[in-house]
Amino acid sequence: MTTKKILLVDDSYTARLVNRMIFSQKSNYVLISAVDGKEAVERARTEQPDLILMDIVMPRMTGLEACRALKKDKVTEKIPVILLTTRGEEKYVQEGYASGCSDYLTKPVNDAELLDLLKAYLGE
Amino acid sequence: MTGTENGNRTPNRAERDFAPAAEKSPIPAGMEHLRLRVQQLSLREQLERNHFLLERLSASSARLIQTLEHGDVFEAIAEIVANLIGSEEVAYFDYNPATKNFSLAWSWGLEPGALEPFLAGAGMCGRAVEEGVSQFRERQAESVLLPFERNLTACVLLKSSREVVGVIAIFGLLPQKSALEWADYELLKFLETYAAVAIQFQRLQGSQVST
């Protein structure tokens with residue numbers, strides 16, 4: 001089984017921690033993290049993760065802004081981005097897809113739903 | 001070699017033992033396979049449910065521990081409620097045992113002016129103190145609610161060493177969440193004690209700094 005690197009971006013320590021625990025169910029996932037959109041863009045460029053799981057509401061740079069920046073950059077444009085947010089209303093979902101994200105998940109996260117989505121994007 | 005009267009070859013023991021179940025006895029073997037599969041799924045579900053709960057309890061506990069250094073207990077409660085329960089409308093009312101009065105100490109996502117003080121016994125939150133247990137909206141009659149409690153989902157009674165510290169009031173759930181689930185009740189039970197301890201700790205630390 002090949003190792004997959006996932007960049008987890010969330011300003012909430014609780015969210016990062018619970019997602020880390022969810023991913024611990026899969027032994028081939030290596031997790032790296034960032035606490036805002038700006039750091040996410042920088043880490044994505046240097047670390048080249050297989051997938052980015054990112055919150056929307058964050059300081060310095062939001063998930064939507066970061067997603068747009070990642071999609072404009074040749075180095076990171078192909079990395080799938082899954083937006084993860086408390087905002088499940090249609091207009092926010094539309095806004096998420098317009099930023100170039102591959103998929104959209106709402107909080108609170110369901111373990112099985114998240115892992116299934118990751119498996120699909122990581123080709124497992 | 002074994003044979004039959006019509007000359008066809010009879011399968012040997014190994015062939016019989018390793019023949020597909022359907023060829024030997026289709027219905028009983030199929031049923032047995034199904035029974036085992038159902039049992040396996042049930043066991044898997046038990047493990048996953050337990051893991052799901054422990055993940056949330058562990059993340060909440062770690063976040064509350066962090067408040068000992070950072071002094072941000074209300075931000076921690078907000079993070080736990082938003083990310084793990086699914087609400088962005090939370091308030092904390094401090095309890096004064098001398099006056100039996102609750103007053104707003106902190107709120108998030110709500111209009112603080114609407115969150116008026118109340119007495120023990122009044123409304124759903126006041127009832128929590130009187131009955132000594134957390135209260136949930138689905139178990140309340142509309143008539144007992146205070147005006148600000150109309151959109152209340154849960155009132156979590158915080159107690160440390162049997163003393164009431166205050167209540168966490170959780171108002172509207174996120175649109176994608178229709179109701180509290182079993183793991184939410186367990187997490188709220190955890191907060192009853194450990195959020196109370198963390199708040200008390202922060203309170204003591206505040207009073208030490210000011211003296």
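Me: What conventions apply to the model and its numbering?
Reply: Residues are numbered from 1 along each chain as its sequence is written, while chains are lettered from A and ligands numbered from 1 in the order in which they are written. This is a predicted model, in which local features need pLDDT of at least 70, side-chain atom pairs count only at pLDDT 80 or more, and totals for chains, interfaces and linings use all residues.

Me: In what order do the elements of chain B run from the N terminus on?
Reply: Helices (H or I, at least four residues) and strands (E, at least two) are DSSP runs, numbered from the N terminus. On that basis chain B holds six helices and six strands. From the N terminus on, their order is α-α-α-α-β-β-β-α-β-β-β-α.

Me: What percentage of the residues in chain B is buried?
Reply: A residue is buried if 20 or more other C-beta atoms lie within 10 Å of its own, exposed if 12 or fewer, and partly exposed in between, with C-beta atoms placed from the backbone. Chain B has 211 residues, and the buried share comes to 32%.

Me: Which element gives the most to the side of chain B that touches chain A?
Reply: Two residues are in contact if their C-beta atoms, placed from the backbone, lie within 7 Å. The contact takes 15 residues from chain A and 20 residues from chain B. On the chain B side, the elements that give two or more residues are helix H3 (26-70) and H4. The most, nine residues, come from H3(B).

Me: How are H1(A) and H4(B) oriented to each other?
Reply: The axes (lines fitted to C-alpha atoms over the stretch in contact, with angles from 0 to 180 degrees between N-to-C directions) of helix H1 (residues 13-23) of chain A and helix H4 (residues 73-85) of chain B come within 8 Å and cross at roughly 40°. The contact is made by Tyr13(A), Thr14(A), Ala15(A) and Val18(A) with Glu79(B), Ile80(B), Asn83(B) and Leu84(B). Angles under 35 degrees count as roughly parallel, over 145 as roughly antiparallel, 65 to 115 as roughly perpendicular and the rest as oblique. H1(A) and H4(B) are therefore oblique.

Me: How are H2(A) and H3(A) oriented to each other?
Reply: The axes of H2 (residues 37-47) and H3 (residues 63-72) of chain A come within 8 Å, crossing at roughly 25°. Among the residues that make this contact are Ala40(A) and Ala44(A) of H2(A), and Ala66(A) and Ala69(A) of H3(A). H2(A) and H3(A) are therefore roughly parallel.

Me: Which element gives the most residues to the largest nonpolar core?
Reply: A nonpolar core is a set of buried Ala, Val, Leu, Ile, Met, Phe, Trp, Tyr and Cys residues joined through C-beta atoms within 7 Å. The largest has 79 residues, and those with the most contacts inside it include Ile52(A), Met54(A) and Ile77(B). Not counting residues up to four places away in sequence, Ile77(B) touches Val90(B), Tyr92(B), Ile168(B) and Ala195(B). The most, 10 residues, come from H4(B).

Me: Which residue with a positive phi follows H5(B)?
Reply: Helix H5 (residues 123-131) of chain B has buried residues that include Gly123(B), Met124(B) and Cys125(B). The buried residues of H5(B) pack against strands of chain B, among them E1 (90-96) and E6 (163-170). With phi near 75°, the residue that follows H5(B) is Gly132(B).
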